[in-house]
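Please open the structure in the viewer and keep the selection panel at hand. The tour moves from the whole chain to individual side chains.

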Amino acid sequence: MPKIGEMKNSRFLTQHDVGEDGRVVTVANVEQQNVAPENQPKELKWVMHFEEEWAKPLVLNRVNTELAAKVLKSDDTDDWAGKQIVAYQDPTINYGGKVIGGIRVRAVKPGDKGSAGDEPEAPAPKASPADAINADNYGDLKIHVGKSKGQALRDLTPEQVTGLVTHWLPAAKANSKPTADDQRLMRALELATGPKLVDDTNIPY
């Protein structure tokens, strides 16, 4: 069940948006903004905006302003743009004599999720159509080019295979964007004309 604080919909960043582990944010700019609730007297405060789409603006208090200046190594907020910090929930913050928790900022550490050094794992290489062709099935491939179109590779004469290898294969390999059918046929022809595997199951030793 959510806590009451988590149910409030704020237009500014709250401690519940970031959690105690914190979230990495990239500073976009700092500007004065009216932070008063709707239909309330105007209240101007300095607000830090972020580049991340999920991140709401952070209303800066004195402590977080000083912490940001220390972390980002400048007291000129123009220098903060493009730099990363971590906004996190500090449950020990008190206000009006009550411990209510709040947001603090700190430097990014190795391993922080979303940091510039926390690169996502590279996606697995996309499978090539040729990967489906192997020594067991290459003969079943239907030819899609030339006079042999529609025939299975195993049904071609040696002369027909040689014709494909001599005339079609070089042009196909030179094509920087071969079709899926081309890739499969290139692989099948390589298997058909490459060194034959010796079936040694009946060879006496």
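The stops below begin with the overall fold and then turn to charged residues.

This is a predicted model, in which local features need pLDDT of at least 70 and side-chain atom pairs count only at pLDDT 80 or more, while totals for chains, interfaces and linings use all residues. Residues are numbered from 1 along each chain as its sequence is written, and side-chain values use heavy atoms, with hydrogens and water left out.

**Whole protein**

Read from the N terminus, the order is α-α-β-β-β-α-β-β-β-β-α-α.

Now switch to a surface. The protein exposes about 14400 Å², of which carbon and sulfur atoms supply 52%; accessible areas come from the Shrake-Rupley method with a 1.4 Å probe, and for residues only the protein chains shown count as cover. Of the 205 residues, 31% are buried, where buried means under 20% relative accessible area, exposed over 50%, and partly exposed in between.

**The negative patch**

Next, select Asp-75, Asp-76, Asp-78 and Asp-79, which form a negative surface patch. Such a patch takes residues with over 30% relative accessible area and no salt bridge, joining like charges within 9 Å; Asp and Glu count as negative, and the place of a charge is CG for Asp or CD for Glu. Centre on Asp-78, in the loop between α3 (62–71) and β4 (84–90). Asp-78 counts as exposed because its relative accessibility is 63%.

**Salt bridges**

How many salt bridges does a search of the whole structure find? The search finds six, each defined by a side-chain nitrogen of Lys or Arg within 4 Å of a carboxyl oxygen of Asp or Glu.

Select Asp-112 and Arg-106: their side chains meet in a salt bridge at 3.1 Å, N to O. Asp-112 is buried, with a relative accessible area of 12%.

Proceed to Lys-173 and Glu-190, a salt bridge whose closest N and O atoms are 3.8 Å apart. This pair links distant parts of the chain, 17 residues apart, with Lys-173 in helix α4 (residues 158–174) and Glu-190 in helix α5 (residues 180–193). Glu-190 is partly exposed at 36%.

Finally, remain in helix α5 and select Asp-181 and Arg-184, which are three residues apart and therefore separated by about one helical turn. Their side chains form a salt bridge at 2.8 Å, N to O. Asp-181 is partly exposed at 37% relative accessibility, and Arg-184 is partly exposed at 25%.

Definitions and conventions. Helix = DSSP H or I, 4+ residues; strand = E, 2+ residues; numbered from the N terminus. Buried < 20%, exposed > 50% of the residue type's maximum accessible area, 1.4 Å probe, protein only. Patch = residues over 30% accessible without salt bridge, like charges linked within 9 Å, V, L, I, M, F, W, Y side chains within 5 Å.
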